[in-house]
Amino acid sequence: MAGYPTHSQIRAARSMLGLKQADLASKAHVTRSVLLGLEQAGRKHPDNSALYQLSGVFRAEGLVLIEATESAGEGVRWSEPTGKIWIDCLRHARAMLGYSLDELAEKSGVGRYVISRLEGGKLRRTPEQSVRRLRDALFENGVIILSEDERVGAGVRLRFGFGNQDSLAPGVWPSV
C-alpha cells in the first residue's frame, strides 16, 4: 500500500475490525474528532499524520488497503483467509458507502430488521431473495464484495476506478 486510506476505506476497515470510532482513534493515537473528519467524504486537507497512523493500525490488524485503479475503486480486505462468506461482509460494504441501515433498506427494498439480523448473523435461514436484492443494491450504488481465496481474505471495494467518471461520486482524496 503506497498511499493513504480514503474516507470510505477507513469506514470499511473500522467496520471489518468491529471497532467504534473512539476505539480506533485510541489505537491510532488520534482524537475521535480527527477520525470523524477523516471518515467524512469531501474533506479537503486530510491530516496525513493521522492517515499514516490509521494505515499502521489496519496493517497490524491484518487488513490490506487496496488502491484504486482505472477499472476499480479503492477497497479493503483481510490479508489472509478468514472463512468469511459474502453475507459476513454486508455491514462492511454498507460502511464503505456510508449508508445507514435505513438508507440501505430504502435502496434495496429489504427491511431494516432483516438487514440488521443478516449483518449480525442472527438468522437461522438466509432469505435468498433478500440477499440478492441487497447484493444488487450495493452493486448499483458502487460497491462490490470481494470473495476470499486461498491467498487473501474477503473484503469490499468500490466498483469504479479513477479512469471512470462515475468514480467521482465516492470521492478519492487527491495526492498531496
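# Questions on packing and charge pairs

Reader: Is Lys 27 buried, partly exposed or exposed, and what is its relative accessible area?
Author: Residues under 20% count as buried and those over 50% as exposed. In this predicted model, Lys 27 is partly exposed because its relative accessible area is 39%.

Reader: With which residue does Glu 61 form a salt bridge?
Author: Glu 61 is partly exposed, at a relative accessible area of 34%. Its salt bridge brings the closest N and O atoms to 2.9 Å apart, and the partner is Lys 27.

Reader: How many residues apart in sequence are the parts that the pair of Glu 61 and Lys 27 ties together?
Author: The salt bridge joins Glu 61 to Lys 27. Glu 61 lies in the loop between α4 (48-60) and β1 (63-66), and Lys 27 lies in helix α2 (residues 21-28), so the parts tied together are apart in sequence by 34 residues.

Reader: Which helix holds Glu 39, whose side chain meets that of Arg 14?
Author: The side chains of Arg 14 and Glu 39 meet in a salt bridge, with an N to O distance of 2.6 Å. The pair links distant parts of the chain, 25 residues apart: Arg 14 is in helix α1 (residues 7-17), and Glu 39 is in helix α3 (residues 32-39).

Reader: Is Glu 39 buried or exposed, and what is its relative accessible area?
Author: The cut-off for a buried residue is under 20%. Arg 14 is buried, with a relative accessible area of 18%. Glu 39 is buried as well, because its relative accessible area is 6%.

Reader: How far apart are the closest N and O atoms of Asp 149 and Arg 151?
Author: Asp 149 is partly exposed, with a relative accessible area of 28%, whereas Arg 151 is exposed at 57%. The two residues form a salt bridge in which the closest N and O atoms are separated by 3.6 Å.

Reader: How many salt bridges does the count come to?
Author: Side chains of opposite charge can pair when their charged atoms come close. The pairs in the model include Arg 14 with Glu 39, and another is Asp 149 with Arg 151. The count of salt bridges comes to 5.

Reader: Over the ring of which residue does the charged end of Arg 159 sit?
Author: Arg 135 places its charged end over the ring of Trp 86, 5.1 Å from the centre of that ring. The charged end of Arg 159 sits 3.8 Å from a ring centre, and that ring belongs to Phe 139.

Reader: How many aromatic pairs does the count come to?
Author: Rings pair if their centres lie within 6.5 Å. The count of aromatic pairs in this model comes to 0.

Reader: Which residues touch the most other members of the largest nonpolar core?
Author: In soluble globular proteins, nonpolar side chains tend to be buried together. The largest nonpolar core here has 44 residues. Those that touch the most other members are Phe 58, Leu 90 and Leu 138.

Reader: What distance separates the C-alpha atoms of Leu 104 and Leu 138?
Author: Leu 104 lies in helix α6 (residues 101-108) and is buried, with a relative accessible area of 0%. Beyond its neighbours in sequence within four places, its contacts include Leu 90, Leu 134 and Leu 138. Leu 138 in turn touches residues among them Trp 86, Leu 90 and Leu 104. The C-alpha atoms of Leu 104 and Leu 138, 34 residues apart along the chain, are separated by 8.1 Å.

Reader: Which residue follows α5, with a positive phi?
Author: Helix α5 (residues 90-97) is mostly covered, since 7 of its 8 residues are buried. Among them are Leu 90, His 92, Arg 94 and Leu 97. The residue that follows α5 has a positive phi, near 75°, and is Gly 98.

Reader: Which residues does Ser 130 touch, not counting residues up to four places away in sequence?
Author: Ser 130 is found in helix α8 (residues 128-140). Ser 130 counts as buried because its relative accessible area is 15%. Not counting residues up to four places away in sequence, it touches Val 110 and Val 114.

Reader: What percentage of the residues of the protein chain count as buried?
Author: The protein chain has 8 helices and 4 strands, in the pattern α-α-α-α-β-β-α-α-α-α-β-β. It exposes about 9600 Å², of which carbon and sulfur atoms supply 47%. Of its 176 residues, the share that counts as buried is 46%.

Notes
Residues are numbered from 1 along each chain as its sequence is written. This is a predicted model: local features need pLDDT of at least 70, side-chain atom pairs count only at pLDDT 80 or more; totals for chains, interfaces and linings use all residues. Side-chain values use heavy atoms; hydrogens and water are left out. Helices (H or I, at least four residues) and strands (E, at least two) are DSSP runs, numbered from the N terminus. Buried means under 20% relative accessible area, exposed over 50%, partly exposed in between (1.4 Å probe, protein chains only). Contact means heavy atoms within 4.5 Å. Rings of Phe, Tyr and Trp (its six-membered ring) pair if their centres lie within 6.5 Å; planes under 30 degrees apart count as stacked, over 60 as edge-to-face and the rest as tilted. A charge sits over a ring if NZ of Lys or CZ of Arg is within 6 Å of the ring centre and within 35 degrees of the ring normal. A nonpolar core is a set of buried Ala, Val, Leu, Ile, Met, Phe, Trp, Tyr and Cys residues joined through side-chain atoms within 4.5 Å. A salt bridge is a side-chain nitrogen of Lys or Arg within 4 Å of a carboxyl oxygen of Asp or Glu. Accessible areas come from the Shrake-Rupley method with a 1.4 Å probe; for residues, only the protein chains shown count as cover.
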